[in-house]
Amino acid sequence: MSNSKDVYVLAIESSCDDTSAAVLKNDKVLSNIIASQKVHEKYGGVVPELASRAHQQHIVPVIQQAIESAGISKKQLSAIAFTKGPGLMGALLVGSSFAKSLSLALKIPLIEVNHMQAHLLVHFIDEDHLSKPKFPFLGITISGGHTQIVEVKDYFEMKVIGETLDDAIGEAFDKCGKMFQLPYPAGPHIDKLADKGNEKKFEFAKPNVKGLDFSFSGLKTSVLYFLQKQTRDNPNFIEENLNDLCASFQAKVVDILISKIEKAVKQTGIKQIAIGGGVSANSGIRSALKAKEVSKKWETFVPKFEYCTDNAAMIGIVGYYKFLNKDFTELTAKSNARYRF
Ligand code: KG4
Ligand code: ZN
């Protein structure tokens, strides 16, 4: 059923290495198409120039597919939402230029979206069987590019209260995984192998960072020096101890994350924790959060995995709320690689 008050938003996300387009009808997702870029795998990380080129190849078919599988016509669209930042500048420009052209051609409003805000508001997509957090809540965004703790007081009233001073948490998984000779991205491999290992076998350094901020570069260096020393004595050390290395490393990362969340709960008095980002798939993190639900009465919210990693549906839900506020953007809007809220 559709009525004249329904809002149809086409959303475009192109901040990193996923080209994604989604169509939302109000707060429900009609389609969410994601084209991931395999081209970066052999480099062990995202190559910005290659990302921009791949976005340019993917963007038209991805948008076409999003509109087609939503079962609507372009004429029904109420607005176009796009990611303004943060992200890779060349990648952002592809999405924003396309969004501007389409809004001009269809004569409908343009809406700019902060990617980090979208990771938090994704929890408000209407999904059967999933409850939504109530304000205020603590939003935890953990991925290959982000590590943030945000106090979310309302849809557009949020404050970053902790973030990484160097590497993102997913970067720590990927870089240490590379040292363990695992393929990129290493996070899911570490997770799987950790399940079979002894997390108490090796002790890596826990960084001493004040307040709610994070640092992962010290942990990375501690793993590097440890491996250098061990492989000098035994060249097969990594191979022979892979499961225990993964389990010990993962346990340390979980400990770093959960102790900061615990501190944030204490500081704010907020016990609702909403996580997102690719690293929220990690089973060690999930079981540690579950344990806190029981022991500390936390309430945790995890979106569908498709909405944890970078996707346009999360851009669309922010677009929907901004549409209701008539918060539109000029065609002269600039992309912003370091956009903050
Ligand atoms: O959100 P995402 O797909 O992309 C961005 O970085 O924006 O997150 C990808 C990151 C990678 O670093 C990957 O290794 C990590 O999420 N990751 C995991 C797991 N699944 C994905 N890290 C640990 N455990 C996992 N199960
Ligand atoms: Zn992201």
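Donors of a metal are taken here as N, O and S atoms within 2.8 Å of it (3.2 Å for Na, K and Ca), and since water is not among the atoms, sites may look incomplete. By this criterion the protein donors of the zinc ion (ligand 2) are His115 (NE2), His119 (NE2), His146 (NE2) and Asp310 (OD), which lie 2.1 to 2.3 Å from the ion. The structure is a predicted model, in which local features need pLDDT of at least 70 and side-chain atom pairs count only at pLDDT 80 or more, whereas totals for chains, interfaces and linings use all residues. Residues are numbered from 1 along each chain as its sequence is written, chains are lettered from A and ligands numbered from 1 in the order in which they are written, and side-chain values use heavy atoms, with hydrogens and water left out.

Along the chain, the donors of the zinc ion (ligand 2) follow the spacing H-x3-H-x26-H-x163-D. With helices (H or I, at least four residues) and strands (E, at least two) taken as DSSP runs numbered from the N terminus, His115 lies in helix 3 (residues 115–121) and His146 in the loop between strand 6 (137–142) and strand 7 (147–154), so the pair ties together parts that are 31 residues apart in sequence.

Ligand 1 is surrounded by 17 residues, the closest being Gly144, Asp174, Asp191, Gly278 and Asn282, where a residue is near a molecule if one of its heavy atoms lies within 4 Å of it. A backbone N or O atom of Gly144 lies 2.7 Å from an oxygen atom of ligand 1, and an N or O atom in the side chain of Asp191 is 2.9 Å from a nitrogen atom of the ligand. The side chain of Asp310, a residue that also supplies a donor to the zinc ion, has an N or O atom 3.1 Å from an oxygen atom of ligand 1. Taken alone, ligand 1 exposes 550 Å², of which the protein buries 87%. Helix 4 (169–179) and helix 5 (187–194) each supply at least two residues of the shell around ligand 1.

The loop between helix 4 and helix 5 contains Pro185, which is joined to Tyr184 by a cis peptide bond with omega about -10 degrees. Gln181 lies in the loop between helix 4 and helix 5 and has a positive phi, near 65 degrees; this residue is exposed, with a relative accessible area of 60%. A cis peptide bond with omega about -5 degrees also joins Gly85 and Pro86, the latter placed in the loop between strand 4 (79–85) and helix 2 (89–106). Lys297, in the loop between helix 8 (283–295) and strand 10 (299–301), has a positive phi near 60 degrees and counts as exposed at 62% relative accessibility. Most residues other than glycine have a negative phi, and most peptide bonds are trans.

Technical notes. Polar contact = N/O pair within 3.5 Å; in protein donor to acceptor, adjacent residues only side chain to side chain. Areas by Shrake-Rupley, 256 points an atom, 1.4 Å probe, with all protein chains shown as cover. Buried < 20%, exposed > 50% of the residue type's maximum accessible area, 1.4 Å probe, protein only.
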